[in-house]
Amino acid sequence: ALTRALGAATAREARAMGIHWVFAPVADVNNNPDNPVIHLRAFGEKPAEVARHVRAFIEGAHSSRAAPVLVTVKHFPGHGDTAEDSHHDLATVTASPERLEALELVPFRAAIEAGVDSVMTAHVTVPALEPAGIPATVSPSILTNLLRRDLGFQGLVSTDALDMRGLTRFFDAGEAAVRALEAGADLLLMPANPRAAINAVVAAVESGRLSRQRLDASVRKLLYAKQRLHLDRHRFVNLEALADALNTPEDQALAADAAQRAVTAYNNGQGVLPLADPAKACVFVLPPTRTSTLGGTFAATLATLSPQTRVQTLTPALAPSEIEEAVRFAGTCETVVAAYAAYSAAYPNGAALAGNYPALLERLAALGRPLALVALGNPYPLRHFPTLPALATFSTVEPSEEAAARALIGEAPITGKLPVTLRPPDATAP
């Protein structure tokens with residue numbers, strides 16, 4: 001229900017600002033903990049659960065007939081089971097056809113059944129579907145045979161950004177554009193060189209490589225989409241109404257509710273969380289860089305709600321003397337908490353934490369006092385600390401930091417359910 005409501009709020013605010021095409025939700029199944037790019041963008045690692053939330057978001061975004069938007073699922077045919085970031089390199093999905101059918105494609109099927117308007121491609125190779133080793137974005141086998149013919153999708157197909165290294169390492173801007181259209185795409189998103197892309201498409205039509213009918217089919221879809229959005233009658237945004245349309249009290253309350261319900265306890269069998277006595281706890285806030293503001297709202301909320309709780313904000317480049325000082329500070333408290341803040345890609349390739357934070361945590365654990373973690377964002381670094389209790393927010397936005405602070409001191413219940421498996425990095429998958 002919250003996902004459905006967030007879909008409606010996203011569509012309403014987007015349309016108020018003149019944004020008609022929403023590139024959400026993410027339909028990837030994030031079943032690879034070392035995935036450096038999907039992470040928090042996915043709903044989880046279970047195909048059925050991801051499908052439920054994808055469907056709910058689409059239903060919510062489509063709920064306003066007065067201000068409709070186009071909704072997109074991405075990244076087809078699935079970017080969750082990769083260990084590479086397609087912004088910087090080519091990613092590969094090595095799954096068999098049977099596994100693709102049972103895992104990656106499940107949310108996309110649900111989205112198509114729910115009437116999704118658009119599907120965005122992934123710059124990934126899928127040998128089981130495209131033996132030529134080219135990315136899905138330029139693969140007729142994936143975009144036309146699988147998506148159009150087998151899954152029955154008749155809506156708009158958008159490429160992912162064509163300036164990403166997952167594609168540009170293979171083709172220049174012009175060739176990538178032509179190949180994407182040949183494969184079945186309708187929209188060429190962000191070519192590395194727009195003029196070169198346009199010239200290449202014109203040349204391909206003039207040479208007969210691309211037919212005019214092929215381009216007309218995509219143009220017709222785009223024009224029909226604009227008509228469904230009433231852009232032929234309502235082209236402009238009412239700027240005077242923006243203040244009333246954005247950040248309404250109802251939407252702020254919705255965001256706070258979603259953030260609070262998402263807070264999840266992990267490995268809390270001893271009941272360390274929430275804190276029994278926040279006044280006797282020390283909390284370290286660990287932002288990913290020296291200049292990052294992540295964790296600031298968490299610290300400020302603690303200062304407001306529990307001024308007796310002692311809070312220190314550190315930086316990754318901790319000198320040995322600073323670690324010793326932090327350990328002495330922690331030695332004066334009954335319970336120690338370390339709250340790290342990270343975007344989804346802040347700790348790529350399964351890294352524990354930034355800088356000297358792991359060394360700090362090792363010293364804090366040796367004190368013998370209860371030590372807990374708070375994951376303000378990416379939960380996967382918790383895999384490196386399997387014995388420590390933790391809270392996870394799965395988001396770095398301010399309402400999530402506020403929610404984590406409330407949950408830590410017992411001001412709000414902890415009701416979330418872990419959507420991914422936090423198996424230690426050296427553990428064997430079942």
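**Entry 1: helix α5.** I began with helix α5, residues 140-150, in this predicted model. I listed its buried residues: Ile 142, Leu 143, Leu 146, Leu 147 and Arg 148. Looking down the axis of α5, I found them within an arc of 165 degrees, so they line one face of the helix. That goes with a general point: an α-helix has 3.6 residues a turn, so residues three or four places apart point the same way.

Next I asked what covers the buried residues of α5. The cover includes strands β2 (70-76), β4 (118-121) and β6 (156-158). It also includes helices α4 (105-113), α7 (173-183) and α9 (212-228). Just after α5 I noted Gly 152, which has a positive phi of about 75 degrees.

**Entry 2: the cores.** I stayed with Leu 147 and looked up its contacts. Leaving out residues up to four places away in sequence, Leu 147 touches Phe 76, Ile 112, Val 119, Ile 142, Gly 152, Phe 153 and Val 157.

Leu 147 also turns up in the largest nonpolar core, which has 46 residues. Leu 147 is among those with the most contacts inside this core, along with Val 54, Ile 58, Val 73, Phe 76, Val 116 and Phe 153. Which elements give two or more residues to the core? I got α1, α2 (47-61), β2, α4, α5 and α7. Helix α2 gives the most, with 5 residues. Apart from this core I found another, of 35 residues, including Phe 284, Ala 354, Leu 361 and Ala 392.

**Entry 3: α1 against α11.** Helix α1 (residues 2-16) packs with helix α11 (residues 249-262) at an angle of about 145 degrees, and I noted their axes as 11 Å apart. The crossing is left-handed. From α1, the contact uses Leu 2, Ala 5, Leu 6, Ala 9, Arg 12 and Glu 13. From α11 come Asp 251, Leu 254, Asp 257, Ala 258 and Arg 261.

Entry 4: Most residues other than glycine have a negative phi, and most peptide bonds are trans. I went looking for exceptions.

- Lys 74 and His 75 are joined by a cis peptide bond, with omega about 5 degrees; His 75 sits in strand β2.
- The bond from Phe 76 to Pro 77 is cis too, with omega near 5 degrees. I placed Pro 77 in the loop between β2 and β3 (91-92).
- His 230 has a positive phi of about 65 degrees, in the loop between α9 and α10 (242-245).
- Phe 394 has a positive phi near 65 degrees, in the loop between β12 (390-392) and α15 (398-408).

Are these last two buried or exposed? His 230 counts as partly exposed at 22% relative accessibility, whereas Phe 394 is buried at 18%.

Methods:
Residues are numbered from 1 along each chain as its sequence is written. This is a predicted model: local features need pLDDT of at least 70, side-chain atom pairs count only at pLDDT 80 or more; totals for chains, interfaces and linings use all residues. Side-chain values use heavy atoms; hydrogens and water are left out. Axes are lines fitted to C-alpha atoms, for helices over the stretch in contact, and angles run from 0 to 180 degrees between N-to-C directions. Helices (H or I, at least four residues) and strands (E, at least two) are DSSP runs, numbered from the N terminus. A crossing is left-handed if the near helix is turned anticlockwise from the far one by less than a right angle, and right-handed if clockwise. Contact means heavy atoms within 4.5 Å. Buried means under 20% relative accessible area, exposed over 50%, partly exposed in between (1.4 Å probe, protein chains only). The arc is that of the directions from the helix axis to the C-beta atoms. A nonpolar core is a set of buried Ala, Val, Leu, Ile, Met, Phe, Trp, Tyr and Cys residues joined through side-chain atoms within 4.5 Å.
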